[in-house]
Amino acid sequence: MIPTVSASGLRLAHGGVRALDDVSLRLGEGVTGLLGPNGAGKTTLLRVLATALPPDRGALTVLGHDPSGPAGRQEVRRALGYLPQTPGFHPDFTSFAFVDHVAILKEMTDRAARHREVRRVLDAVDLRDVRGTRIRRLSGGMRQRVALAAALVGDPGFLVLDEPTVGLDPEQRMRFRELIATAGEGRTVLLSTHQTEDVAVLCNRVVVMAAGRVRFEGTPAELTARAAGRVWSSAERDPGARACWRTGTGAFRNVGDPPGGAELVEPTLEDGYLLTLDAPAVVETTS
């Protein structure tokens with residue numbers, strides 16, 4: 001994989017707690033999913049990669065630019081699209097006006113060319129018919145699509161998406177998945193989510209974080225394989241399971257170390273994710 005984003009030894013502390021603790025990763029073309037529990041450091045990492053926060057230590061290059069200095073940081077921002085977890089909208093802005101405002105911030109000074117770009121990205125997220133509608137009148141799913149359109153302005157080479165499907169109903173999430181898959185063609189997309197099914201269907205790579213560290217980096221198939229032979233079905237709750245829940249059929253699905261003779265079942269990406277979080281962190285030492 002030829003990396004378009006490369007991070008090495010990133011550290012960042014908040015109030016004495018390391019939100020990022022020697023984070024290293026490489027991102028290439030396509031959609032990479034970022035999984036982790038609340039407080040894992042995912043949003044902090046996204047903000048560092050988007051140049052919204054400088055790390056205390058470590059090296060970072062994005063699309064060949066080093067954002068540690070003003071000139072490099074400006075180049076990264078010109079090539080970046082960022083959809084934060086809670087996009088800030090002015091309620092009186094129309095969809096067109098909001099995306100146009102973002103385009104102005106991205107230094108698009110030619111009005112005619114800028115407006116063509118605004119129409120293009122709104123069309124790309126299927127909002128052609130609500131360009132003139134005030135954002136306060138849009139549904140939650142439509143507002144998320146406006147925010148995605150703003151992130152796509154200027155055809156960025158690196159797109160950062162922080163929980164873009166949170167709060168969306170199943171139909172809206174399916175539509176958003178389609179948009180993200182399309183956005184991942186020919187560019188690097190980093191998608192932070194709690195939805196393991198989004199990662200399973202969208203992503204060609206996945207990164208798992210916990211307590212400020214990267215616990216896994218690889219393909220979804222490789223993450224799923226971590227649970228091979230470690231998921232079983234039983235009529236009663238198995239007290240030795242590391243995770244266990246009753247399914248819709250009434251049987252219990254258990255994840256962990258199965259007892260002898262257990263009825264093994266096919267693992268999912270979520271099973272591999274749960275076992276990765278449960279495994280002890282690997283701490284690298286140098287002599």
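This is a predicted model: local features need pLDDT of at least 70, side-chain atom pairs count only at pLDDT 80 or more; totals for chains, interfaces and linings use all residues.

As for handedness, H3 passes H5 in a right-handed crossing.

Now stay on H3 and look for another partner, helix H4, which covers residues 111–124. The axes of H3 and H4 are 9 Å apart, and the angle here is about 125 degrees. The crossing of H3 past H4 is right-handed.

Next, the empty space. A probe the size of a water molecule, rolled over the atoms, shows where space is left. The largest pocket holds about 530 Å³. Which elements each supply at least two residues of its lining? H3 (95–105) and H5 (140–152) from the packing above do, along with helix H2 (70–78) and strand E5 (80–83). The largest share comes from the strand: E5 gives 4 residues to the lining.

In total, 21 residues line the largest pocket. Zoom in on the centre of the pocket and you'll find Leu 80, Tyr 82, Val 102, Leu 105 and Lys 106 lying nearest to it. What is the lining like by class? It has 13 nonpolar residues, plus 4 polar and 4 charged ones.

Finally, zoom back out to the annotation. The unreviewed UniProt entry places the feature "domain: ABC transporter" at residues 5–236. That span is 35% helix and 27% strand, and its end C-alpha atoms lie 47 Å apart.

Notes. Residues are numbered from 1 along each chain as its sequence is written. Side-chain values use heavy atoms; hydrogens and water are left out. UniProt positions are given in the numbering used here, feature names are shortened, and annotations may be inferred rather than shown by experiment. On a 1 Å grid over the protein atoms alone, a cavity is a set of points where a 1.4 Å probe fits but cannot get out, and a pocket is an open set with protein on both sides within 12 Å along at least five of seven lines; lining residues have an atom within 4 Å of a point. Grid points are joined across faces, edges and corners, and a volume is the space filled by probe spheres set on the points. Ala, Val, Leu, Ile, Met, Phe, Trp, Tyr, Cys and Pro count as nonpolar, Asp, Glu, Lys and Arg as charged, and the others, Gly among them, as polar. A crossing is left-handed if the near helix is turned anticlockwise from the far one by less than a right angle, and right-handed if clockwise. Axes are lines fitted to C-alpha atoms, for helices over the stretch in contact, and angles run from 0 to 180 degrees between N-to-C directions.
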